[in-house]
Amino acid sequence: MNREILNKIREINNKKTQKQKACVVTFGCQQNESDSEKIKGMLEAMGYEITESDITADSGGGAKAKDGAAFELENCGVVIINTCAIREHAELKAFSRTGQLKRYKDKNKDMLIGMCGCMVEQEHILEYIEKSFKYVDFVFGTRSIHKFPEILHNALLNLRQNNTEITETDIANITEIEEDMPAKRGSLFKAWVPVMYGCDNFCSYCVVPHVRGRERSRKKDKILDEVRTLAANGYKDITLLGQNVNSYKDPGNKNYDFTELLRDVTEIEGDYWLRFITSHPKDISGNLIKLMGESKNIANHLHLPLQSGNNRILKLMNRKYTREDYLDLVEKLKDSIKDIAVTSDIIVGFPSETEEEFEETLDLIKRAGFDNIFPFIYSKRKNTPAEKMEDNISHKEKTDRFAELIKIQREISAEKNKAYEGKTVRVLAEGEYKNDKNKKNNGNYLSGRTSSNKLTVFEYNGNVDLTGSFVNVKIKEGRLHGLFGELE
């Protein structure tokens, strides 16, 4: 990161009579959220005031503020759209947001619009942006976040540029990780801590290795220092991030793996929960499971993407495990870790998936007893092996399977949550519960998450702000989407 350029932009902004505003709109995974925190941190260091508002399309085709808040977009000097390439739906949403910006740019000629993230690492996307969004001033990929001050400075000087001209071979050869970039955290009590970037798995449907590069890990000392700082500052929920987090290897000692890192992190003093995502089933070791069962800090939740319950489809997906491997792993987790909640991702309608093979996925879901799943209809991604596979499943078949999958999981989730009734759970209070339709009586309601990541709502009429604090809640009712109770 070029601090000289960063300081130069701050000096320019400090001389202006009005505070310059900036907005970052984020799509995609937690890694994108973490990247956006760094972009916001650099913007703030350059003298911009960050507005957290986001725009959504209204019925009239215009734009309105998210949650009805006053949106100051027309006064923003910089608007960044941080994009996701994992599924077509995420791409369409990013393009929709970008399209809504034109009318604001027409009113404010000085507004700079940038697009970044995974989408813009793809040549066909760049061509589409250049053709359809000529008012976008600059683009930069995931590898160029540390160059953002220079990119913005050039845009301020009207030097239109493409900062993603890089081949897939170049992406694969990226080894350096830029440390010590400023970050504007999105919360005062929850934090993301990236431990590694990229992915070496090359699942046949996934574009991540092509846009984020091969696996590369941060130095353990940098990670431990970051977590120590967060714990000392009172953060209560810390998540270690990686595209395949449990393949972490310390660059200075390849024998120092993710389990060793996790063990060292849990020894950092503080009252906090430690989470990690995303895990690949093939990389969950016995030592890791043992540590999870022994540690008081590691949260009682594991997100473990399955994708399919059929061995032929798993092989086509290049997932490197079988349904039997997966079920054996879930059994070991539940035997070793009391009351662990396991969640998963499922892809419906992968090319050539038969009805019988889909039924095997339904069977595995019932056997595994997931607390929740995140199902997706298969989305063809350009330049992946699955793109060339014959897709002979109709849209109706896919949507019917999707609906059946959700129906079965809803029954399982409701049963899992009902089992909490009468129990007292520890909850990290996150703020006011705003879903009015579920309110009973006229009391005030707060919501938060348990160690097992269950949404928990409870009535609270006190005068002390509990946001960011651990509280004990006795569960009165377990519903489909969460737990409802009262403070003890």
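## Ground rules

In this predicted model, local features need pLDDT of at least 70 and side-chain atom pairs count only at pLDDT 80 or more, while totals for chains, interfaces and linings use all residues. Residues are numbered from 1 along each chain as its sequence is written, and side-chain values use heavy atoms, with hydrogens and water left out.

## Nonpolar cores

In soluble globular proteins, nonpolar side chains tend to be buried together. A nonpolar core here is a set of buried Ala, Val, Leu, Ile, Met, Phe, Trp, Tyr and Cys residues joined through side-chain atoms within 4.5 Å. Buried means under 20% relative accessible area, exposed means over 50%, and partly exposed lies in between (1.4 Å probe, protein chains only).

The largest nonpolar core has 53 residues. Its members L240, F258, L261, L262, F276 and F370 touch the most other members. A second, separate core has 29 residues, including C23, Y104, C118 and V136.

Two packed helices are described by the angle between their axes and the distance between the axes. Axes are lines fitted to C-alpha atoms, for helices over the stretch in contact, and angles run from 0 to 180 degrees between N-to-C directions. Helices (H or I, at least four residues) and strands (E, at least two) are DSSP runs, numbered from the N terminus.

Helix α9 (residues 220–232) meets helix α10 (residues 258–266). Their axes come within 10 Å and cross at roughly 30°. The two are therefore roughly parallel (angles under 35 degrees; over 145 is roughly antiparallel, 65 to 115 roughly perpendicular, the rest oblique). K220, I223, L224 and V227 in α9 meet L261, D264 and V265 in α10. That contact has five nonpolar, no polar and two charged residues. Ala, Val, Leu, Ile, Met, Phe, Trp, Tyr, Cys and Pro count as nonpolar, Asp, Glu, Lys and Arg as charged, and the others, Gly among them, as polar.

α10 also packs on helix α11 (residues 286–294), at about 15° and with axes 9 Å apart. These helices are therefore roughly parallel to each other. F258, T259, L262 and R263 of α10 make the contact with N287, L288 and L291 of α11. By class, the residues are four nonpolar, two polar and one charged.

## Single residues

Is K105 buried or exposed? K105 sits in helix α4 (residues 102–107) and is buried, at 11% relative accessibility. Beyond four places in sequence, K105 touches M111, L112, I113, Y135 and D137.

N444 lies in the loop between β19 (424–432) and β20 (445–450). N444 is partly exposed, at 49%.

Most residues other than glycine have a negative phi, and most peptide bonds are trans. A cis peptide bond joins I277 and T278, with omega about 0°. T278 lies in the loop between β15 (273–277) and α11.

Q307 is not a glycine, but its phi is positive, near 80°. Q307 lies in the loop between β16 (301–303) and α12 (311–316) and is buried, at 6% relative accessibility. N318, also not a glycine, has a positive phi of about 60°. N318 lies in the loop between α12 and α13 (323–336) and is partly exposed, at 30%.

Key. Contact means heavy atoms within 4.5 Å.
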